[in-house]
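Colleague: I'm new to this one and would like to learn how to read it. Could you walk me through it, a feature at a time?

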Amino acid sequence: MLSQQDLFQRIAKTPQVNIGHFPTPLEECPRLSEALGGPRIYIKREDCSGLAMGGNKVRQLTFTIGDAVAQGADTIVHGAASQSNHCRQAAAACNKLGLRCYLRLARDHKSIVQGNLFLDYLFGADVEIVDIPFGPELEDFKIQLAEKLKTDGLKPYVVTSPRSTALAAVAFVWCIAEIHEQQEKLGIDADWIYTASVGGTQAGLVLGTKALNMKLKPYACSPVHWVGKIDRIRDAANSAASILNLDTQIVDSDILNTDDYIGEAYGYLTPECVSALKLVANTEGIILDPVYTAKAMACLIDHIKDGRLNSNDTVIFLHTGGTPALFAYNDELFGNSII
Ligand SMILES: Cc1ncc(COP(=O)(O)O)c(C=O)c1O
């Protein structure tokens, strides 16, 4: 059977750059558990991954930018929604490593110079807000831009699926190896790990827990309706298994992922996510984000309320970050009249 040390060694062999603070803490949240009258809750603090206000993409970029550098790239091309956490962390990582960064961000209801977009400008990335929806068209646009940059003499690397999602899965297998080690030190053996994901994060959790034969079962909340999400997550997990030379194979039934907490659409608040955000801030002093983690926490709270989880269970909540996005939502959260 695969051991934790063996898994750490396989991960260490994958090309990577040193950009974050790892391992991230695994912290008990007794006041949150008490407020919910429910399970023992631990939070895995990927929001404390170090670079530029942290988040799950720092761990992911450890391998995607590692891949880029291994291929001799001097420029990163990325793009997503205008408040993308991934793009903000990529811009910061590029600065730390001395790479150029081009961001092409889809214009949407949060294309305001606040939160992540504010930080993209602060990091001096080459930012353009484009009238192209986030999705396959934007991915094509990024690839076309890279072709143009090549003719200018640069060596661009495009952060895009499926490679980026597979390397994210490698990153979150690593996160599971860390959790395995931290659980041993804490003397716990959690039942569930909840998170916000529709891609590589969940793929890595599913692959890591299965490869190490853990009791821990991943459950993810999607932030967006994504056609073909189970195929995407399964394929990323199985690509990561082949990158890491693991025999483990992921099948659809390994993947528990709900769309029930998205609300109106990606990036729009729900009353439940606002309550979850305030509860965690008020009980533990921990900041969730309104787009991903507060929706996943709303799901966890619901599952406690409806009895799917009870006080005999131990749950890990993987906090994937998103902290700066909160500042783009001040109007919705508190209005302008607080002073
Ligand atoms: C804060 C935060 N949480 C969760 C996710 C979801 O990650 P993925 O679906 O790529 O696993 C993202 C992705 O952008 C994010 O920024």
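**Reading rings, strands and surface**

Modeller: Let's begin with a charge and a ring: the charged end of Arg59 sits over the ring of Trp174, 4.7 Å from its centre. To count, NZ of Lys or CZ of Arg must be within 6 Å of the ring centre and within 35 degrees of the ring normal. Lys110 gives another case, with its charged end over the ring of Tyr329, 4.4 Å from the centre. Before we go on: this is a predicted model, where local features need pLDDT of at least 70 and side-chain atom pairs count only at pLDDT 80 or more, while totals for chains, interfaces and linings use all residues. Residues are numbered from 1 along each chain as its sequence is written, and side-chain values use heavy atoms, with hydrogens and water left out.

Colleague: Got it. How many aromatic pairs does the structure hold?

Modeller: Six. Rings of Phe, Tyr and Trp (its six-membered ring) pair if their centres lie within 6.5 Å; planes under 30 degrees apart are stacked, over 60 edge-to-face, and the rest tilted. Take Phe63 and Trp174: their ring centres are 5.7 Å apart and their planes at 85 degrees, so this pair is edge-to-face. Phe63 belongs to helix 3 (residues 56–70) and Trp174 to helix 7 (residues 163–186), so the pair ties together parts 111 residues apart in sequence. Helices (H or I, at least four residues) and strands (E, at least two) are DSSP runs, numbered from the N terminus. Ring pairs also link Phe22 with Phe63 and Trp174 into a cluster.

Colleague: Are Phe63 and Trp174 buried or exposed?

Modeller: Both are buried. That means under 20% relative accessible area; exposed is over 50%, and partly exposed is in between (1.4 Å probe, protein chains only).

Colleague: What kind of pair do Trp192 and Tyr219 make?

Modeller: Their ring centres are 6.4 Å apart and the planes at 75 degrees, so this pair is edge-to-face. Trp192 sits in strand 7 (residues 192–196) and Tyr219 in strand 8 (residues 217–221), 27 residues apart. Trp192 is buried at 17% relative accessible area, and Tyr219 is buried at 11%.

Colleague: How do strand 7 and strand 8 pair?

Modeller: In general, two strands pair if DSSP finds at least two bridges between them. Here strand 7 and strand 8 pair in the parallel sense over five bridges, with Ile193 opposite Pro218 in strand 8. Five of the five residues of strand 7 are buried, so the strand is largely enclosed by the rest of the structure. Trp192, Tyr194 and Ala196 point one way from strand 7, while Ile193 and Thr195 point the other way.

Colleague: And how do strand 3 and strand 4 pair?

Modeller: Strand 3 (residues 75–78) runs parallel to strand 4 over four bridges, and Val77 stands opposite Tyr102 in strand 4. Six of the seven residues of strand 4 (residues 100–106) are buried, so strand 4 is largely enclosed by the rest of the structure.

Colleague: Let's turn to sequence and space. How far apart are Tyr42 and His319?

Modeller: They are 277 residues apart in sequence and 10.0 Å apart in space, C-alpha to C-alpha. Tyr42 is in strand 2 (residues 40–45) and is buried, with a relative accessible area of 2%.

Colleague: Last one: is Leu122 buried or exposed?

Modeller: Leu122, in helix 5 (residues 115–122), is exposed at 58% relative accessibility.
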